Amino acid sequence: METLFPYALKNVEKFLQDNWDRDDVKEIVIELRKVSEKDVEEKVEGAVPVLGEDEDKTKMLESVVRSVEWLMANDRKVTPLKTLQGLIWEVGYKDESIKGHIYDDVPKAFENWTKTGHKIFIYSSGSVNAQKLHFGHTSAGDLLPHLSGHFDTKIGAKQEKESYEAIAKEIEFAPDEIVFLTDIVKEAKAAQDAGMNVVIVVRPGNDALTDEEKKEFPVIETFETLPLEEVTTGKRKIQEEEVEEKQVQPKKIAK
């Protein structure tokens with residue numbers, strides 16, 4: 001994503017100037033204004049307000065650009081920002097200014113998983129549109145045929161248990177039939193709380209895991225070493241053993 005975010009930052013002003021009257025862009029501006037109003041109301045330090053529709057167009061557009069720059073600098077994962085980034089990236093993908101970065105082990109892993117009957121879904125803070133552009137224009141080619149679906153923050157925040165429960169319901173799989181891969185511990189805990197199997201993927205540049213976190217979750221450095229069947233069947237085996245143990249416990253007799 002080192003290329004994607006600088007590209008969006010560099011081109012946000014031009015994109016807004018060229019597409020200001022589009023209905024979807026107008027809706028994004030409205031939602032960005034709501035985000036900025038909430039930040040100002042909550043006295044978030046440095047928050048940049050988006051001017052109202054009664055202001056001069058040039059000044060309003062400039063306020064949107066400044067607000068977007070501030071949101072990106074603070075790594076805010078709000079839906080209207082991610083939607084706007086996706087639209088900007090779409091331009092870059094189409095004129096081949098950018099390509100979706102993926103790790104070398106990903107294409108082969110996707111191929112192997114789908115060949116063995118597994119379904120792959122993407123859940124990202126990036127918009128669904130941005131996800132499809134990314135995986136459709138990677139440095140290894142089009143990976144979209146391997147994917148069964150996409151989710152973004154419209155289904156919920158990535159660090160909330162309810163989001164993972166909603167995804168499981170949407171794709172019609174029980175949580176314990178799902179393996180969730182992430183490099184963010186708070187996301188891992190939320191998915192685990194929802195009943196999913198979780199594996200943390202450590203990639204170059206990730207924050208270091210604590211010893212406690214390494215004990216709490218399986219950890220891999222490449223998809224090639226993902227013990228897919230062991231992760232799910234192992235959890236079921238533990239659950240079955242717990243049930244059997246409870247069943248053989250003698251009943252307490254009231255005295």
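Reader: What covers the buried residues of H2?

Author: The cover includes helix H1 (4-19), helix H3 (57-73) and helix H4 (79-94), contact meaning heavy atoms within 4.5 Å. This is a predicted model, in which local features need pLDDT of at least 70 and side-chain atom pairs count only at pLDDT 80 or more, while totals for chains, interfaces and linings use all residues. Residues are numbered from 1 along each chain as its sequence is written, and side-chain values use heavy atoms, leaving out hydrogens and water. Helices are DSSP runs of H or I with at least four residues, strands runs of E with at least two, numbered from the N terminus.

Reader: Which residues of H2 are buried, and which are exposed?

Author: Val25, Ile28, Val29, Leu32, Arg33, Val35, Ser36 and Asp39 are buried, that is, under 20% relative accessible area (1.4 Å probe, protein chains only), where exposed is over 50% and partly exposed lies in between. Asp23 and Glu41, on the other side, are exposed.

Reader: Why are the buried residues of H2 said to line one face?

Author: Down the axis of H2, they fall within an arc of 165°, so they line one face; the arc is that of the directions from the helix axis to the C-beta atoms.

Reader: What makes S3 and S5 edge strands?

Author: The open sheet has the order S3-S4-S5 with parallel pairing, and a pair needs at least two DSSP bridges. Strand S3 (179-182) and strand S5 (219-220) each have a single partner strand, so one side of each lacks a neighbour in the sheet. Two bridges join S4 (residues 197-201) to S5.
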